[in-house]
Amino acid sequence: MVTFEKVSKTYPGGVMAVKNLNLTIAQGELVVLIGPSGCGKTSSLKMVNRLIEPTSGRIIVSGVDTQKLDPVALRRKIGYVIQDIALFPHRNVAQNIATVPRLKKWDQKKIQERVDELLRLVDMDPALYRGRYPLELSGGQQQRIGVLRALAAEPEVLLMDEPFGALDPITREQLQDELKRLRQKVKKTILFVTHDMDEALKLADRIVLMRDGVIVQVDTPEGLLREPANDFVRNFIGEKRLIRQPDKVLVHEVMRTKPTCIEGDKGLHQGLELMREEAVDSLLIMDRSGDFLGVVEVQTIQQNLEARKSLEAIMTPWPTVNENDSVKRVVRLMVEGNLRFIPVVDETGRIKGIVTRANVVNFVLDYMS
Ligand SMILES: Nc1ncnc2c1ncn2[C@@H]1O[C@H](COP(=O)(O)OP(=O)(O)O)[C@@H](O)[C@H]1O
Ligand SMILES: [Mg+2]
């Protein structure tokens, strides 16, 4: 467990990087610190293992005030992974992973077992990789070894500062997935810094959004997406990711304007001709002033083609919605009536647009992408 109590950091020269930070990371929890560059994420992280010292306030790790501990001893209890992992180039994989266990004077056999166990944890065959040197590894593999090195001596807490930031997108996703799997096997308390919202949403139990050294919002990924505290949060998350209740999405956001309409006193052949021109299989029928009357589908025209009727005479009544109705209502009407589309009309009944099943599906897909 890690607790920040009224922690502030002012650098020499006067930059207030962190202002009165209060935050508790529970045992086994993964908390992501996120926010724009310079908002104080790295400074907050580095105060936990005392790479920098708070100007005021306290940080408690596993019940102990970090100020009461020797910084070197403290760092051996805390794993630390940064973007450019900087493995020791002249030490092989096993030696790199064993760094802290050796400092802690574990015996050789225990160290070897631990190295192999860790390599297997990330599906790297120990026989194959144990003796390799960092330059003989891909960027993704080096970063994996960096994570294993941080985990080697069973730290109580893991600090990760944009650990996957320098990797290509595919490798980054692989390591994120691995970290998720790893967490199921080894329940660590993790404080993870990123500026990538997708990464935060994917990994975090809770997300802490910072701005100018202060916390703007702390919530679960779900909570953040559902109820962003203000416009800054909303912008930072991005409109597209926000979860919107289906009953809050309105018809005018999904509807198509200029549906194919025709006056009801026109004949069936005229209707068919318009369908051909516009490549549609149904028409919205309106009166002279543009008010909606009903729908005529292509099959109905074909069945009645011999009779000299007007479109109005063969049209089917059809439910409509207003621009400010919810999309949920549209979906319900579609399902109830097994309808492929719903016309949109204004208060006076005039045709404004149409919502098709495709419009609804595309809108949902847009929000999921
Ligand atoms: N050693 C330093 N000396 C002076 N100012 C610093 C130092 N390190 C960081 N800062 C400043 O503190 C603020 C927070 O930086 P940092 O914690 O690195 O932010 P982040 O990790 O969110 O990008 C920035 O304005 C940065 O310029
Ligand atoms: Mg940083």
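I began with helix H5, residues 108-121, which has 14 residues and reaches 20 Å from its first C-alpha to its last, close to the 20 Å expected at 1.5 Å a residue. I note at the outset that the model is predicted.

I then asked which residues of H5 are buried. I found Ile111, Arg114, Val115, Leu118 and Leu119. Viewed down the axis of H5, these buried residues fall within an arc of 130°, so they line one face of the helix. On the other side of H5, I recorded Lys109, Lys110, Glu113, Glu117 and Arg120 as exposed.

I next looked up what covers the buried residues of H5, and the cover includes helix H3 (93-97), helix H4 (99-103), helix H6 (126-129) and helix H7 (139-151). After H5 comes Asp123, for which I noted a positive phi, near 60°.

**Other positive phi values**

I kept in mind that most residues other than glycine have a negative phi. Asn20 has a positive phi, near 50°, and is a residue other than glycine. I located Asn20 in strand S2, residues 16-25. Is Asn20 buried, partly exposed or exposed? I counted 15 C-beta neighbours inside 10 Å, so Asn20 is partly exposed.

Lys258, also a residue other than glycine, has a positive phi near 55°. I placed Lys258 in the loop between H12 and strand S11 (261-263). Lys258 is exposed, because 10 other C-beta atoms lie within 10 Å and the limit for exposed is 12 or fewer.

**Shell of ligand 1**

I listed the residues that surround ligand 1: Tyr11, Gly13, Val15, Ala17, Gly35, Ser37, Gly38, Cys39, Gly40, Lys41, Thr42 and Ser43. By class, I recorded four nonpolar, seven polar and one charged residues in this shell. Which element gives the largest share of the shell? I found that helix H1, residues 41-48, contributes three residues, the largest share.

**Domains**

I noted that the protein chain is divided into domain 1 (2-243) and domain 2 (251-368). The centres of the two domains, taken over C-alpha atoms, are separated by 55 Å.

Glu227 is in the loop between H10 and H11. I counted 12 other C-beta atoms within 10 Å of Glu227, so this residue is exposed. From Glu227 to Asp65, 162 residues apart along the chain, the C-alpha separation is 34 Å.

Where is Gly238? I located Gly238 in the loop between helix H11 (231-237) and helix H12 (251-254). Gly238 is exposed, because 10 other C-beta atoms lie within 10 Å. I compared Gly238 with Leu225 and found them 13 residues apart in sequence and 9.5 Å apart in space, C-alpha to C-alpha.

Methods
Residues are numbered from 1 along each chain as its sequence is written. Chains are lettered from A and ligands numbered from 1 in the order in which they are written. This is a predicted model: local features need pLDDT of at least 70, side-chain atom pairs count only at pLDDT 80 or more; totals for chains, interfaces and linings use all residues. A residue is near a molecule or strand if its C-beta atom, placed from the backbone, lies within 6 Å of it. Helices (H or I, at least four residues) and strands (E, at least two) are DSSP runs, numbered from the N terminus. Ala, Val, Leu, Ile, Met, Phe, Trp, Tyr, Cys and Pro count as nonpolar, Asp, Glu, Lys and Arg as charged, and the others, Gly among them, as polar. Domain bounds come from an automatic or database domain assignment. The expected span of a helix is 1.5 Å times one less than its number of residues. A residue is buried if 20 or more other C-beta atoms lie within 10 Å of its own, exposed if 12 or fewer, and partly exposed in between; C-beta atoms are placed from the backbone. The arc is that of the directions from the helix axis to the C-beta atoms. Two residues are in contact if their C-beta atoms, placed from the backbone, lie within 7 Å.
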